[in-house]
Amino acid sequence: MSARTAIVTGGIGGLGTAICQQLAQAGRQVIAADLDSRSDRIAAFVAEQSGYAGKIQFEAVNVAHFASCQALLERVNARYGAVDILVNAAGITRDSSLRKMSEQQWQEVIGVNLDGVFNMCRQVVDGMCERGFGRIVNISSINGQTGAFGQTNYAASKAGLHGFTMALARELARKGVTVNSIAPGYCRTPMVEAIPQAIRDQIISQIPVGRIGEPSDIARAVEFLTADAAGYLTGVLLPVNGGGFMSF
Ligand code: CAA
Ligand code: NAP
């Protein structure tokens with residue numbers, strides 16, 4: 001059987017890069033799909049993946065735009081074949097207390113974190129159902145489970161994301177397609193490095209395992225949920241948070 005093809009949105013970001021590498025190591029053909037706004041960063045990413053023997057390729061997308069996602073899928077289908085695995089990892093923060101939040105800060109976060117997942121899933125589900133195999137993983141957040149000061153927009157998007165996951169999981173369950181969410185805790189990526197130092201130190205000091213998460217911690221969970229053998233796992237929210245939020 002030829003290698004399964006995976007798209008990872010936000011693929012050149014902190015978590016996205018680790019996810020691409022983990023899936024490539026597992027034998028997948030991986031498309032790192034991300035904004036094409038920073039050519040220096042893309043060049044650095046492409047150079048960094050040279051050890052993966054062509055198993056990780058960059059393609060441009062803006063997940064907030066349906067037509068951009070449609071165009072991405074046309075290019076990927078033509079160049080690499082059908083898509084078996086979709087990891088929705090593109091995400092942004094625009095933190096502000098609600099009293100100060102602009103409509104733009106609200107719309108931008110919902111547009112990428114939530115609309116973006118609809119825009120991408122809509123492109124791949126028909127093909128996955130026809131072929132009787134698919135794995136979709138949506139990257140939610142611990143802050144979607146707990147709420148966080150300054151993140152009404154982000155928490156709403158990440159909680160809404162898991163509602164989307166559960167609904168789509170039900171729709172696709174008999175078609176060989178699984179849909180799951182991962183809720184990472186705070187991980188060592190540019191998104192978290194942007195938190196003011198004093199607040200970040202305080203957050204990390206409260207993580208039960210005593211350290212910040214590494215992108216590889218999340219990537220391992222993505223590999224687990226996207227394995228061919230993971231067909232009985234669907235509609236799940238898998239927390240990977242060092243014990244930062246425990247629930248049942
Ligand atoms: N809890 C309770 N009160 C808080 C607070 C908090 N975390 N942060 C600020 N406040 C209080 C202040 O003490 C102040 O109180 P007073 O009015 O009584 O003096 C008041 O709220 C200030 O409110 P403002 O709206 O003026 O807040 P601000 O503009 O100074 O800052 C903020 C708000 C931008 C959200 C800032 O607090 C901040 O950057 N917080 C960090 C946000 C954060 O951690 N984001 C996570 C990003 S990473 C991520 O999201 C990844 C993931 O999924 C885990
Ligand atoms: P990151 O390093 O900022 O990576 C996110 C990537 O998504 C970036 O490359 C970003 O590009 C890209 N992106 C932004 N808007 C996009 C769009 N419209 N279309 C396509 N790509 C877009 O963040 P991260 O920490 O890896 O986060 C990855 C995912 O995990 C996000 O969904 C985030 O919410 C979630 N998460 C992260 C943490 C954590 O602690 N890091 C915890 C819980 C959940 P630009 O850099 O050019 O904007």
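These are my notebook entries on a few spots I looked up in this predicted model.

**Ground rules.** I number residues from 1 along each chain as its sequence is written, and letter chains from A and number ligands from 1 in the order in which they are written. Local features need pLDDT of at least 70, side-chain atom pairs count only at pLDDT 80 or more, totals for chains, interfaces and linings use all residues, and side-chain values use heavy atoms, with hydrogens and water left out.

**Entry: helix α1.** I began with α1, residues 14–25; helices here are DSSP runs of H or I of at least four residues, and strands are E runs of at least two, numbered from the N terminus. I then checked cover, and 10 of the 12 residues are buried (under 20% relative accessible area; exposed is over 50%, partly exposed in between; 1.4 Å probe, protein chains only). L15, G16 and T17 are among the buried ones. Just after α1, I noted a positive phi of about 95 degrees at G27.

**Entry: S157.** Next I looked up S157, which sits in helix α6, residues 152–172. S157 counts as buried because its relative accessibility is 0%. A polar atom of its side chain lies 2.7 Å from the backbone oxygen of Y154. Leaving aside residues up to four places away in sequence, S157 touches V109, I110, N113 and L114 (contact means heavy atoms within 4.5 Å).

**Entry: G81.** I found G81 in the loop between α3 (66–80) and β4 (85–88). Its relative accessible area is 21%, so G81 is partly exposed. G81 is 76 residues from T5 in sequence, yet their C-alpha atoms are 7.4 Å apart in space.

**Entry: ligand 1.** Last, I listed the 18 residues around ligand 1 (a heavy atom within 4 Å of it). D95, S97, K100, S141 and Y154 come nearest. An N or O atom in the S97 side chain is 2.4 Å from a ligand oxygen. For the side chain of S141 I noted 2.6 Å to an oxygen of the ligand, and for that of Y154 also 2.6 Å. Taken alone, ligand 1 exposes 1100 Å², and the protein buries 54% of that (Shrake-Rupley method, 1.4 Å probe). The elements giving two or more residues to the shell are α5 (142–146), α7 (190–193) and α8 (197–205).

Notes:
Polar contact = N/O pair within 3.5 Å; in protein donor to acceptor, adjacent residues only side chain to side chain. Expected span 1.5 Å × (residues − 1).
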